[in-house]
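Colleague: I am new to reading models. Can we go through one together, feature by feature?

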Amino acid sequence: MALNARLDHRNPLVFDTHELGRRPGALQRLTREIDAPKDLGIQEVIGVPEGAPMKLELRLESVMEGVLVTGTVRATAKGECVRCLEPLELELTADFQEMFSYPDADDRGRPKAEPADDAEDDEDMLFIEDGLFDLEPVLRDAVVLALPMQPVCREDCPGLCAQCGARLADDPGHHHDAVDIRWAALQGLAGSLEDGEKDDTSDAEAGVDEKQEK
Ligand SMILES: [Zn+2]
Ligand SMILES: [Zn+2]
């Protein structure tokens with residue numbers, strides 16, 4: 001297990017469990033308003049802008065091996081509709097629950113609950129260090145899970161016109177009369193391309209002949 005660099009109690013996402021104490025069953029509720037950390041959300045899709053206000057509600061429960069943290073975060077995420085590319089905002093509420101273990105929990109004489117060979121689980125474990133814990137990884141996971149991978153400005157967003165890129169929501173009757181004319185023009189173009197292709201083919205055949213001669 002890799003312990004983080006020493007936690008800083010001034011970091012708004014670091015919480016202090018000293019008041020709670022190591023008394024199993026003890027409870028503490030707290031709220032905290034924080035500024036969103038950098039890169040919170042799904043990159044290039046939707047996220048909570050850095051510095052945006054986030055409201056945290058936490059319930060800390062002291063248990064034998066650590067502190068069980070249950071909480072809710074509320075914030076406004078900003079992104080872009082995947083269909084019409086208009087900016088959008090989303091009121092986000094994400095719940096989370098995570099166990100922060102005492103690093104010395106197994107040294108306190110209680111029987112070990114887990115088998116000794118669960119090294120893989122250890123990597124995902126979070127720890128209390130000097131009575132502090134860092135909520136940031138938990139918050140990041142909770143926010144990403146609560147965000148849509150394909151955000152839309154509204155469920156029935158019609159998106160953009162495939163031909164000209166116009167926003168169809170602004171112009172429900174949008175259509176192109178010129179389709180037939182353009183199609184005809186394309187067919188004309190295709191005809192002239194065919195002539196070109198014939199030339200290419202004969203060139204290629206000439207190339208093959210040359211190789212065969214050698
Ligand atoms: Zn849209
Ligand atoms: Zn169009």
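**Reading the model**

Modeller: Start with D130. D130 is exposed, because 12 other C-beta atoms lie within 10 Å. The rule is this: buried means 20 or more other C-beta atoms within 10 Å, exposed means 12 or fewer, and partly exposed is in between, with C-beta atoms placed from the backbone. One caution: this is a predicted model, where local features need pLDDT of at least 70 and side-chain atom pairs count only at pLDDT 80 or more, while totals for chains, interfaces and linings use all residues. Residues are numbered from 1 along each chain as its sequence is written, and chains are lettered from A and ligands numbered from 1 in the order in which they are written.

Colleague: Where does D130 lie?

Modeller: D130 lies in the loop between β8 and β9 (132–134). Helices (H or I, at least four residues) and strands (E, at least two) are DSSP runs, numbered from the N terminus.

Colleague: How many helices and strands does the protein have?

Modeller: Three helices and nine strands. Along the sequence the pattern reads β-β-β-β-β-β-β-α-β-β-α-α.

Colleague: How do I read strand pairing?

Modeller: Two strands pair if DSSP finds at least two bridges between them. Take β5 (53–63) and β6 (66–80). Nine bridges join β5 to β6, and the two run antiparallel. A hairpin of two residues links β5 to β6. V63 has G66 in β6 as its bridge partner.

Colleague: Which way does β6 run against β7?

Modeller: Antiparallel, over 15 bridges, with β7 spanning residues 87–101. V69 stands opposite E98 in β7. A75 stands opposite L92 in β7. These two strands also form a hairpin, with six residues between them. In that turn, L85 has a positive phi of about 65 degrees.

Colleague: What else does β6 pair with?

Modeller: β4, through two bridges, again antiparallel. There, I46 stands opposite G79 in β6.

Colleague: Do β7 and β8 run parallel or antiparallel?

Modeller: Parallel, with two bridges joining β7 to β8 (residues 126–127). F100 stands opposite L126 in β8.

Colleague: Now the inside. What is a nonpolar core?

Modeller: A nonpolar core is a set of buried Ala, Val, Leu, Ile, Met, Phe, Trp, Tyr and Cys residues joined through C-beta atoms within 7 Å. The largest one here has 22 residues, of which V48, V73 and V143 touch the most other members. The elements giving two or more residues to this core are β4 (46–48), β5, β6 and α2 (136–146). β6 gives the most, with five residues.

Colleague: What does V73 touch?

Modeller: Two residues are in contact if their C-beta atoms, placed from the backbone, lie within 7 Å. Leaving out residues up to four places away in sequence, V73 touches M54, K55, L56, A94, L139, A142 and V143.

Colleague: Which residues of α2 are buried?

Modeller: L139, A142 and V143. They cover an arc of only 95 degrees around the axis, so they lie on the same side of α2. The arc is that of the directions from the helix axis to the C-beta atoms. The general idea is simple. An α-helix has 3.6 residues a turn, so residues three or four places apart point the same way. The cover over the buried residues of α2 includes β3 (40–42), β4, β6 and β7.

Colleague: Is C153 buried or exposed?

Modeller: C153 is buried, because 21 other C-beta atoms lie within 10 Å. C153 is found in the loop between α2 and α3 (179–213). Beyond its neighbours within four places in sequence, C153 is in contact with C81, C84, E86 and L88.

Colleague: How far apart are the C-alpha atoms of C153 and L90?

Modeller: They are 9.1 Å apart, although the two residues are 63 residues apart along the chain.

Colleague: What about the protein as a whole?

Modeller: Buried residues make up 15% of the 214 residues. Among contacts between residues at least 6 apart in sequence, 65% join residues at least 24 apart.
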